[in-house]
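Hi,

Here is the structure I promised to pass on. Have a look at it first, and then read my notes below.

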Amino acid sequence: MGVSRPDTGSHNSSSLRVLLTNNTLDYRAGSELYVYDVAVELLKRGHQPIAFSTELGRVAEQLRTATIPVVDDLTRIGTAPDIIHGQHHFETLLAVLSFPNVPAVNFCHGWTPSEEQPLIFPRVMHYVAVDYTCRDRLQLEHGISSERISVILNFVDTERFRSRPPLPSAPRRALAFGNPFGIDVSLPILQAACQKAGMELDVAGGGSNQEWADPEARLGEYDLVFAKARAALEAMAVGAAVVLCGPRGLGPMVTPEEWDRLRLLNFGVRTQTQPVTVENVLEQVRRYDPKGAAAVSARVRKEATLPDAVDRLLKVYQDAIRDFSSRRHDPVSDAIAAARYLREWASVFKGRMANAPAVADAQAQLEQASRSLAHACEAAREAEKHASEAELRVSETKKHTSETEKRVSEAEKHASEAEQRAAEAEKQTAALEQQLALMRDSTTWRLAQSVSQSAPMRLARPLLKKLKGRIRNRP
C-alpha cells in the first residue's frame, strides 16, 4: 500500500505555508538562528512557517516555544507547503521529493561547508546567497546563472538587540563572541593582547562551553567584541566596537569607512586576511573609536534589519511560485536529478555505511568495556568493604586474643596454685588416712565402736542429748 501524499491545498498569496529546512535545529549557529528569525517574522506577518531537520534540539525547542511547528519526519505534515525554503542540500532534497508539486528556493550560507553546496534540481527555481562570497560559489563553482541568484545580505533582529549606552573613551571589557572560539588557537593570543591593552577578555560560544541563550541581554556589557558574520552584526547592532576575527584569521576593526565593503562580504571569510598575532590584534584595538562604533551601529539598525530581509525573501518566494506554475512539471526530470544527486554523494554515503560495522563494533566494545569497568569497580568496592571488615575482625581478634592470653595466663597461675594446694591436700589426706588406719587397728577404737553400737548406748543416746542441751543452757 502506498503512502498517501498530503493535500496541496489552495495557494493564497496573502498567507504562505513555508517549509524551512536545515541541517540541524540543535546548535545555536548561523543557519539555525537564521531559520528561527525568519520563521518568527513570517508568523508575525500571518504566514504559516514549518521547520524541518533530521536532527532536533535546542533551536527546535525555541521554535516550538514560539508556536512554530517543527518536524523531523516530513510525512507528519498533513498539508503541503506552498514553497520550500531549502537550507542544506540533503534536507532540501528530502523536502522536494516528499512534496512533488511544490517549488523550492535553495540557500547558501557559507563558502566552505559541504552542506552549503547547492542542490541542482528541476524544482529549485531560485538560489539565495547571504553575501557575494557565496554568490561566487554558486555561480563560478556550480554553474548557476546570475539571473537565478539573489543576494540577500544577512540581518539582525533589532527589536531583540537593542542599543547600549554610549561607549567609554577607552575599552575596559572585551568579548570573544562566536562558536569557534575555544576550539582554535586564536583565543590565547586574544587574551594576551587584551591583557597588554589593559582589558578583561571573556568568551561566549559553543566551542568554549559558554553558550549564551540570550546574547541580546549580555552583549551590551562589553565595549569591544571579536567576532565574525552574524555574531559581528549582532555586536555592532548593540553598539560595541567590533574587530573581525575567526578561524581563518584576523580582519579589521569595522569602521564607517569600511562598512560598505565588509557588509557585502558578510564580515566573513574574505575579510579575515591577517594572521592572529598579538601585534596585529593590538593594532586593531588601537583603532577603537566610540563615535565610529556608534555610526556603524546606526548603519546596522537602518540597513540590516530582519523585516527588510523578510520583505525580499517573500518576493523571492512569490517569484518562485509564479515561475513554477507557468512551466510543465516533469516527474521524470525529478527522478533523474535525484539519481544524479545520489551518484554524486555515493562515496560519502558508502563511506558512512562501510564504516558503520566498524563503528558498531567499536561501540559494542566500548559498551562491553564500560560494563566490565562497572563490574570491576563494583568488585573493587566489595573487596574494599570485605577488607575493611576483615581488618576490623583481625583487630577484634587480636584484642580478644590478648584478653584470652591474659586469662589463660591467670588460669595457668590459678591451676599451678590449685595443683600446689591439691598436692598439700593429698599429703594431708594421706597422713590422716594413715593415722585413721592406725586408729582403726587399735584396741581402743574397736572397743569404742563396740560400745557405741551396744543396746544400752542406743537407749542412752536420747538421755545424753537432753543432758547435753541442759548443760549448754545453764547460766
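Predicted model: local features only at pLDDT ≥ 70, side-chain atom pairs only at ≥ 80, totals over all residues.

Residues are numbered from 1 along each chain as its sequence is written, and side-chain values use heavy atoms, with hydrogens and water left out.

A word on names: helices (H or I, at least four residues) and strands (E, at least two) are DSSP runs, numbered from the N terminus. Strands E10 and E11 run parallel and are joined by 4 bridges; two strands pair if DSSP finds at least two bridges between them. E10, helix H6 (residues 229-238) and E11 form a right-handed β-α-β unit. Right-handed here means that, with the strands pointing away from the viewer, the path from the first strand over the helix to the second runs clockwise.

On to E12: strand E11 (residues 241-246) and E12 run antiparallel, with 3 bridges between them. A hairpin through 2 residues joins E11 to E12, and glycine 246 has glycine 249 in E12 as its bridge partner.

What is the strand order of the open sheet? The 5 strands are ordered E9-E8-E10-E11-E12, and the pairing is mixed. At the edges are strand E9 (200-204) and strand E12 (249-253), each pairing on one side only. From one strand to the next, the twist averages 20 degrees.

How much of E11 is buried? 6 of its 6 residues are, where buried means under 20% relative accessible area (1.4 Å probe, protein chains only). Both faces of E11 are covered, with Ala241, Val243 and Cys245 buried on one side and Val242, Leu244 and Gly246 on the other.

Helix H5 (residues 186-196) lies across strand E8 (173-177), E9, strand E10 (224-227) and E11, and runs at about 155 degrees to E9. Helix H8 (residues 278-285) lies across E10, E11 and E12, at about 20 degrees to E12. For these angles, axes are lines fitted to C-alpha atoms, for helices over the stretch in contact, and angles run from 0 to 180 degrees between N-to-C directions.

**Elsewhere in the chain**

Now to helix H2 (residues 58-65), where Val59, Ala60 and Leu63 are buried. They sit on the same side of H2 because they cover an arc of only 105 degrees around the axis, taken from the directions from the helix axis to the C-beta atoms. The buried residues of H2 pack against helix H1 (30-44), strand E2 (48-52) and strand E3 (70-71). After H2 comes threonine 67, with a positive phi near 65 degrees.

Glutamate 91 is in helix H3 (residues 89-98). Is this residue buried or exposed? Glutamate 91 counts as buried because its relative accessibility is 4%. Apart from neighbours within four places in sequence, glutamate 91 is in contact (heavy atoms within 4.5 Å) with Thr21, Asn22, Asn23, Phe52 and Thr54.

**The whole protein**

Finally, the totals: the protein has 14 helices and 12 strands, and 40% of its 475 residues count as buried. Among contacts with a separation of 6 or more, 67% come from residues 24 or more positions apart.

Cheers

Technical notes: Buried < 20%, exposed > 50% of the residue type's maximum accessible area, 1.4 Å probe, protein only.
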